[in-house]
2 protein chains.
Amino acid sequence: MQPRILVVGTGAVGALYAWRLQAAGGHVSCICRSNYEQVTKNGFDMRSFSFGNAIFRPDRVFASVQEATDAEPAGYHYIIVCTKALPERVSTADLIAPAMTESKTAVVLIQNGVGIEQPVAERFPQNPCVSCIAYVGVTQTAPGVIEHVLLGDLTFGPYNRDGATEQTRPADVDSIIKLMSSGGIKCSAAHHIQAMRWNKLTWNAPFGAASVLTGLHDTHTMLDNTECAKLIKEAMEEIWQAATMMFGPENFPGPGPVTSPMAQITRTRAAAAYKPSITVDYTNGSPMEVEVIFGNAVREAKKRGIPMPRLELLYLMMRIAGQRS
Amino acid sequence: MQPRILVVGTGAVGALYAWRLQAAGGHVSCICRSNYEQVTKNGFDMRSFSFGNAIFRPDRVFASVQEATDAEPAGYHYIIVCTKALPERVSTADLIAPAMTESKTAVVLIQNGVGIEQPVAERFPQNPCVSCIAYVGVTQTAPGVIEHVLLGDLTFGPYNRDGATEQTRPADVDSIIKLMSSGGIKCSAAHHIQAMRWNKLTWNAPFGAASVLTGLHDTHTMLDNTECAKLIKEAMEEIWQAATMMFGPENFPGPGPVTSPMAQITRTRAAAAYKPSITVDYTNGSPMEVEVIFGNAVREAKKRGIPMPRLELLYLMMRIAGQRS
């Protein structure tokens, strides 16, 4: 049976994976907002370094989740959430609620930050919740025009309410991995998806904050500045240590492809200069994912009595920066 | 005998205390730079909320310490240093060296920050070194025009190379206190001058950094912002705790007029909105006293194994801000 997939938030990231899911044989419906008119008329103009250039026409395009729900009485097998994670503005659970069929629809959250799954998993306890980390460079340069320039890999894991490691993966994780892989996406299953999210945070939070707060916006300019490089390194090490305490040495670094602060810095130096996505939001005056990248991490650490003074301070400064953008 | 006093750095702070020392009967020579021409011609136009308005003509005005040295073969009893403390640019010890008479001239450092005395005391081990903290609101609004709007109190203590508390005060501290008091300045002798400098740092570093880095420049705007108030409070508490570890409960808070972070915040809320002096320097593109307010504190704490992660991070960000101003 052709899986029915609803992509909520079809910006750059959503469009890329929607396209690959359709290529894999999925029946793909997309919720579009700012690019709705362009996409309904002309589809997405995809320009991918790895999949080539093409016009991608989703099977259906909707302006809202309610529209998508009304149009599909049989319900969706998957809802892929690719919106920016802004829990202080939009509740993902509220957003997808109309289209959720109990005990059937699996939610796949392809979003940044930590702690994003909890509100969704609590609201829909009978539905599978799959957490997914994207390692990808993709931008919407104009409405419906998607430039995919780097990677595309996805790491999946089931969201586990009690936080324990998954020794076995539920069928839902395997089936979405199989589907995405058929579409050409390099997929992996995380030994411990939360630990992997914190590992990504090791880069995202310090580089993002340093970029926004110091005005040295791109990765090379930051690392070439002695003080900024020190600031980044110390914040990375704080997150790394907190994650080690939080997940235990068996899960962090653990057996997976977790990369240390030093390895991340070396890799960042070796790659082309790059502005973190949160910086792009800041300079555009768009809302930044401060709560899921900083706030949730700080709150989670505090709950467990793990000190993160540097991240706390960066969180407060990023909140202030967010008020000014 | 009329004490011969040389004031090095006769900006707002230097002019105010030079004026009061002359009023107390001192023979006062001033080193002027940007205001040299104006002051040699017309003296200082003093406008003080507590001492009234007057023209203050120093006994002599010089453009350099060498000039002042050549003009006074008998030497100076006191050198009062009121320059901005920028050890990375100007060494105070080098600056005053020509005018120092061994075993005679007492140096009085009326400057911000911590650790400012050490290089002077090491260079001139035979000369008394008096450390002094000014609690004052005074500005030079135009060359030679000095507006004194708040307080003026001075706290004195001998610089003690081994860092121990002074149970007895050397004659030099008493004599400069006597002189300043004759000029109408409210003076006190600190139980432990280093502890008092760290107490002032409890305010200066967090308010200064928050003001420069968040762009919420004045004290009320900062405290009215929930996140900024939290940032300031947490940084203040970190410095307070470090000072307690550093000086021991017998000296910090100790018996003196040390004020807690909460009391300082309450007092700041109650006072008129105010921009920290480091912010004024930042917005003017002038060099900021980052090393003596942040750098020396961070280094001193690190040397003693006392963690100050927030202050370290603020130090790095202030250094970056300093490169951009």
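Domain bounds here come from an automatic or database domain assignment. For chain A of this predicted model, that assignment gives domain 1 (4–190) and domain 2 (194–324). Let's look at how the two meet.

The C-alpha centres of domain 1 of chain A and domain 2 of chain A are 24 Å apart. At the interface, 22 residues of domain 1 of chain A are in contact with 19 residues of domain 2 of chain A. The size of an interface is often given as the accessible area lost when the parts come together. For domain 1 and domain 2 of chain A, the buried area is about 1800 Å², with 52% of it on carbon and sulfur atoms. On the domain 1 side, A:Lys84, A:Asn112 and A:Val114 lose the most area to domain 2 of chain A, and together they make up 35% of what that side buries.

What about polar links across the interface of domain 1 and domain 2 of chain A? The rule finds 14 residue pairs in polar contact, both residues being at pLDDT 80 or more, and it also finds 2 salt bridges. Elsewhere in the list of pairs, the side chains of A:Glu117 and A:Arg197 form a salt bridge, at 3.0 Å from N to O.Strand β8 (residues 129–142) of chain A gives the most to the side of domain 1 that touches domain 2 of chain A, with 5 residues. By class, that side of domain 1 of chain A is made up as follows.

| Class, domain 1 side of chain A | Residues touching domain 2 of chain A |
|---|---|
| nonpolar | 12 residues |
| polar | 6 residues |

Key: Residues are numbered from 1 along each chain as its sequence is written. Chains are lettered from A and ligands numbered from 1 in the order in which they are written. This is a predicted model: local features need pLDDT of at least 70, side-chain atom pairs count only at pLDDT 80 or more; totals for chains, interfaces and linings use all residues. Side-chain values use heavy atoms; hydrogens and water are left out. Contact means heavy atoms within 4.5 Å. Buried area is the accessible area (1.4 Å probe) that two parts lose on being put together, summed over both. A salt bridge is a side-chain nitrogen of Lys or Arg within 4 Å of a carboxyl oxygen of Asp or Glu. A polar contact is a pair of N or O atoms within 3.5 Å; within protein, one must be able to donate a hydrogen and the other to accept it, and residues adjacent in sequence count only if both atoms are side-chain atoms. Helices (H or I, at least four residues) and strands (E, at least two) are DSSP runs, numbered from the N terminus. Ala, Val, Leu, Ile, Met, Phe, Trp, Tyr, Cys and Pro count as nonpolar, Asp, Glu, Lys and Arg as charged, and the others, Gly among them, as polar.
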